[in-house]
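Please look over the sequence and the model before reading on.

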Amino acid sequence: MAVKPSTLKPSALAYVPFVSVENMMKLVHAHGVEAFITGLAAVIEEDFKRWPEFDKTPRVASHSRDGVIELMPTADAENYGFKYVNGHPKNMREGYQTVTAFGVLSSVANGYPILLTEMTLLTALRTAATSALVGKYLAPKGAEVMAMIGNGAQCEFQAMAFRALCGINRLRLYDVDPAATDKAERNLLAQGFEVVRCTSPEAAVEGAQVITTCTADKQYATILTDNMVGAGVHINAIGGDCPGKTELHRDILLRSDIFVEYPEQTRIEGEIQQLEPDHPVTELWQVMRGEVAGRRDAKQITLFDSVGFAIEDFSALCYVHGLIADGQFCEMLDLLADPDDPRDLFGMLTRAA
C-alpha cells in the first residue's frame, strides 16, 4: 500500500535557518564586499581579545593522497561552532573547487543548531579579513604596495581586505599559471586597484612592503627565498596550511618574528613545521590584547604564519547569524525531529504514515 504524504506540520523547533550560496552572495552585496569584510574583521578581533574564553583544539584532519578533509570545532560559554572543509589541490584540473566548506552554529544551552550555512565563500572572506586584521598590527606603517604570489581563488579577497583595513591599493601579481593572473588582473582592475603583472616572484616583491603567498600545491615548496625578503617587510603566508606543505625557505623564518593563531596547530601545519618544536613564536591574541608587542621598528621582518583556526570560523558564523536575525537572506529548513512528547520519537514516525 502506498504511503500517503504526511499532513503533520513540523513544529517551530524543527526549523533551522540556512544560508545558501545564493543568499550568502546577496547578503555580502547588500552590505558591500569591503564593508562586509570590515565588519567581519571587527568580530574576529573581538573574539581574539577574549581568546582564553574558548575551547581550543587543533582541527581534526583526514589526509589522503589527493587532499584533506577537516573538521574545525570550538565553543565559548554560549555557542558551539564547527566547520567542515576540504582542501584538494587537484580539483581545479577536474572542474571542482579546491576548497569547499559549510558550517554550523549551535546553542550550548540546549545543543540545538541555530545556523547552517555555506562557508566556501565565507571562508574566503574570513581568511582575508583575518589576514588584513593581522596586517593592521604587523604591516609597516604607511605600507602602499602588496605583492601577491599565487593568484587563485583567494587573491581578490585578500586584496579587498587589505585595502579596506590597511589602505593598500597597489598590487604586484605573479602566478605560475598566466591564466590565473589574467583572471585576477581583470577582477582587480574592475575594483579600482592599481595592478602590475610580474613574470617572476622576484619581480613581484620589488618595492612591496607586504608579501602575500597563497599557492595551492600540497607539497614542500620554496615560493620565497631568503634573498627576496628585505628588512621591514611583512609576510602574509597563507598557503602553507597542512603537514608537508610550505612556501617559505627556512632561512626566512629564522630572520623573522613569527606570529601565529594557535601554536599547537601551526607547528603541525604551518611554515614553522620546518623549525624546532620549541622555536619561539608569538600568539596573535596577545598582540591584540596589548600584552606583547607586534611590530616594534621599521626594520623588523614580521611573518604571519597563517593556517586558519576555528575561532575565526566561529566569529564568521556569529557575524552571519547576527546579519540574518531579521529573517532575510536565509530559508528555514525542517532539520530537527521534534515530537510532541520528547520520549516518543517512534510515535512521531508512525503517525507520519
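How much space lies in the second largest pocket? In this predicted model, the second largest pocket holds about 440 Å³ of space. The points below begin with the lining of that pocket and then turn to the strands and helices.

**The second largest pocket**
- The lining of the second largest pocket consists of 15 residues, and those that lie nearest its centre are Val 33, Leu 121, Glu 156, Phe 157 and Met 160.
- At least two lining residues come from each of five helices, namely H1 (21–31), H2 (33–49), H3 (120–138), H4 (155–166) and H5 (178–190).
- When the lining residues are sorted by class, eight are nonpolar, four are polar and three are charged.

**The eight-stranded sheet**
- Eight strands with parallel pairing make up an open sheet, and their order across it is E9-E8-E7-E10-E12-E16-E14-E15.
- At the edges of this sheet stand strand E9 (194–197) and strand E15 (282–283), each of which pairs on one side only.
- Strand E7 (residues 145–149) pairs with strand E10 (residues 210–213) in the parallel sense over four bridges, and within this region Met 148 stands opposite Thr 212 in E10.
- Helix H4, which also supplies residues to the pocket lining, lies across E7, strand E8 (170–174), E10 and strand E12 (234–237), and runs at about 165° to E7.

**The seven-stranded sheet**
- A further open sheet has seven strands in the order E2-E3-E4-E5-E6-E1-E17, and here the pairing is mixed.
- Because strand E2 (60–63) and strand E17 (331–334) at the edges each have a single partner strand, one side of each is left without a neighbour in the sheet.
- From one strand to the next, the twist in this sheet averages 20°.
- Strand E1 (residues 15–19) and strand E6 (residues 113–118) are paired in the parallel sense over two bridges, with Phe 18 standing opposite Leu 116 in E6.

**Pro 113 in strand E6**
- Pro 113 is found in strand E6, and although 223 residues separate Pro 113 from Leu 336 in sequence, their C-alpha atoms are 8.8 Å apart in space.
- Leaving aside residues up to four places away in sequence, Pro 113 touches Val 16, Val 104, Leu 105, Ser 106 and Leu 336.

**Helices H1 and H3**
- H1 and H3 pack at an angle of about 35°, and their axes are 9 Å apart.
- On the H1 side the contact involves Val 21, Met 24, Met 25 and Val 28, which meet Leu 121, Leu 122 and Leu 125 in H3.
- The contact of H1 with H3 has seven nonpolar residues, with no polar and no charged ones.
- Leu 121, which belongs to this contact, is also among the residues that lie nearest the centre of the second largest pocket.

**Cysteines**
- A disulfide is a covalent bond between the sulfur atoms of two cysteines.
- With a cut-off of 2.5 Å between the sulfur atoms, the count of disulfides comes to zero.
- Cys 214 is in no disulfide, and the nearest cysteine sulfur, which belongs to Cys 155, is 8.2 Å away.

Terms used:
Residues numbered from 1 in each chain as written. Predicted model: local features only at pLDDT ≥ 70, side-chain atom pairs only at ≥ 80, totals over all residues. Heavy atoms only, no water. 1 Å grid on protein atoms, 1.4 Å probe; cavity = no way out; pocket = protein on both sides within 12 Å on 5 of 7 lines; lining within 4 Å. Points joined across faces, edges and corners; volume = space filled by probe spheres on them. Nonpolar A, V, L, I, M, F, W, Y, C, P; charged D, E, K, R; others polar. Pairing = 2+ DSSP bridges. Contact = heavy atoms within 4.5 Å. Axes fitted to C-alpha atoms, helices over the stretch in contact; angles between N-to-C directions.
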